[in-house]
Amino acid sequence: MVFKCQEDSFLKQFLTTVVSCEEAKLKVPSNGDSEPIELEGYNVICEDTILFPEGGGQPCDYGTINGLPVRSVIRQGKDAVHFVETCKRFEVGSEARQVLDWERRLDHMQQHSGQHLITELFDKEFTYNTTSWWLGSEVSYIELNTKHVITRESLDVIENMANDIIREGRPVSVALIEESDLHELKGLRAPRGLPKDVEGPVRVIRIEGQRDNMCCGTHVNNLSQLQCVKLLYAEKSKNSVNVYFVVGQRVPKVLGQCFEREQQVTLALKGGPPQHVELIQKLQNNLKATKKSFQKLLKDLAIMEAEKLESLPKPLPKYYSLHKKDGIEPDFINTFLRNVSVEGILLFFLTVSEPSVGRQPGKGHMVLKGDPELVEQFGPKFMEILDGKGNGKEGMYQGKINDSDKIKLCEALLEKHFGNVNNTEVKKEPAQGS
């Protein structure tokens, strides 16, 4: 089945008839990291459609039917199923006025036609075959069946060739060919991207000077409509290389984003683009020196805390708590434990964490060290209270924590335990923090 959108990719409005309408739900991504939103509406099938159903690596079109938003279009055999977000049912046989989201369509046509051009040039110039491609919302890529590193120089060769061809304004046409006649076409590309359940004539895209390519997507009718191509970078994977690109209206958009970021970096570094690399290297060197000094101060602080414990009046407490909430690294705990030589303390409860920000509790690291029975008893409990994960053996339990605000609950359990065990007054070093 060839839909109206495939016959005329530039048709923006279309009047057709409703064939079926069934109540349905659709899950769509929400803003942020929350769960998807479930929309209620109807799956509507029309006699024909100008809204492209997802397929061949190309996302579906958006638009409206009778003024109501179409959130998804998928192909089922010879039918295009439109999910329309509405509480109103469409009557079978009624008129359906389809209006296309033209900006989205034009973008998809530019990326898809550009992909065909880039694919052909990589094949001709380097004999790299495209095994798949992906049309993203911001950037697209083709997957090339090569293990070779594709350099910036090679990308520039293909990019320059593509833009030369675009300036020539080569025509792009569509032919419908019966499957039985495909063998007569010489050099026809493999049916990459055609749905498995495609029915009827096969749609072939023809770009002057290139091999014919079977494809179900929407395309420009002249390469000049691509405006330009920009190959961004190549990324090697296990057995292939992905080449990322933008075409048409996305090129000035990406350029604008890059310039905006450049201005922000210039403001932060207090130096223009020619100095960026030098200034960043200087910052990195300063950071290394600062980190080295910080490690020295961290060691001194841990040793000071150990000496402070040893200077406590006797008898020493049965357990000792030490908590730092200013982003100190776990090495602080290890240095502290290496420099503690006191006897009689049954359990050390030590944590380091980031400070809490708003409603977000601080994340960090916890260590219990001491009597193996006590460590085994309290370790898992504390991890549950502090929303963490850890393990331990031979008198040591440690792990990452996600809620340092609940440290006092853990201390309350220790206070209760040691208060019940001992009939005499328990001395406890107050919890310390910054």
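A salt bridge here is a side-chain nitrogen of Lys or Arg within 4 Å of a carboxyl oxygen of Asp or Glu. Arg-211 and Glu-120 meet this rule through their side chains, at 3.7 Å from N to O. The model is predicted, so local features need pLDDT of at least 70 and side-chain atom pairs count only at pLDDT 80 or more, while totals for chains, interfaces and linings use all residues. Residues are numbered from 1 along each chain as its sequence is written, and side-chain values use heavy atoms, with hydrogens and water left out.

Stay with that pair. Arg-211 sits in the loop between strand 10 and strand 11 (213-214), and Glu-120 sits in helix 2. They are 91 residues apart, and the pair links distant parts of the chain. Helices (H or I, at least four residues) and strands (E, at least two) are DSSP runs, numbered from the N terminus. Glu-120 is buried, at 2% relative accessible area. Arg-211 is partly exposed, at 35%. Buried means under 20% relative accessible area, exposed means over 50%, and partly exposed lies in between (1.4 Å probe, protein chains only). The pair also belongs to a network of salt bridges that links Glu-120, Asp-123, Lys-124 and Arg-211.

The salt-bridge count comes to 19. One of them joins Arg-206 and Asp-212, at 3.0 Å from N to O. Arg-206 is partly exposed at 30%, and Asp-212 is buried at 14%. Another joins Arg-170 and Glu-168, with the closest N and O atoms 2.8 Å apart. Arg-170 is buried at 18%, whereas Glu-168 is exposed at 52%.

Now step back to the whole chain. It is divided into domain 1 (4-100), domain 2 (106-253) and domain 3 (311-417). These bounds come from an automatic or database domain assignment. The centres of domain 2 and domain 3, taken over C-alpha atoms, are 58 Å apart.

Next comes the nonpolar core. This term means a set of buried Ala, Val, Leu, Ile, Met, Phe, Trp, Tyr and Cys residues joined through side-chain atoms within 4.5 Å. The largest one has 29 residues. Those with the most contacts inside it are Leu-117, Ile-118, Phe-122, Ile-142, Ile-150, Leu-231 and Val-243. Helix 2 (102-126) and helix 3 (152-168) each give two or more residues to this core. So do strand 8 (140-144), strand 10 (202-207), strand 12 (229-236) and strand 13 (241-247). Apart from this core lies another, of 21 residues, including Phe-3, Val-44, Cys-46 and Ala-96.

An unreviewed UniProt entry lists residues 202-244 as "domain: Threonyl/alanyl tRNA synthetase SAD". Such annotations may be inferred rather than shown by experiment, and the positions follow the numbering used here, with feature names shortened. This span is 0% helix and 47% strand, and its end C-alpha atoms lie 29 Å apart.

Finally, look at helix 6 (residues 331-338). Phe-332, Ile-333, Thr-335, Phe-336 and Leu-337 are buried there. Their cover includes helix 5 (276-310), strand 14 (319-324), strand 15 (347-353), strand 16 (364-370) and strand 18 (396-401). Gln-360 lies in the loop between strand 15 and strand 16. Gln-360 is exposed, at 57% relative accessible area. From C-alpha to C-alpha, Gln-360 and Tyr-233 are 37 Å apart in space, and 127 residues separate them in sequence.

Key:
Contact = heavy atoms within 4.5 Å.
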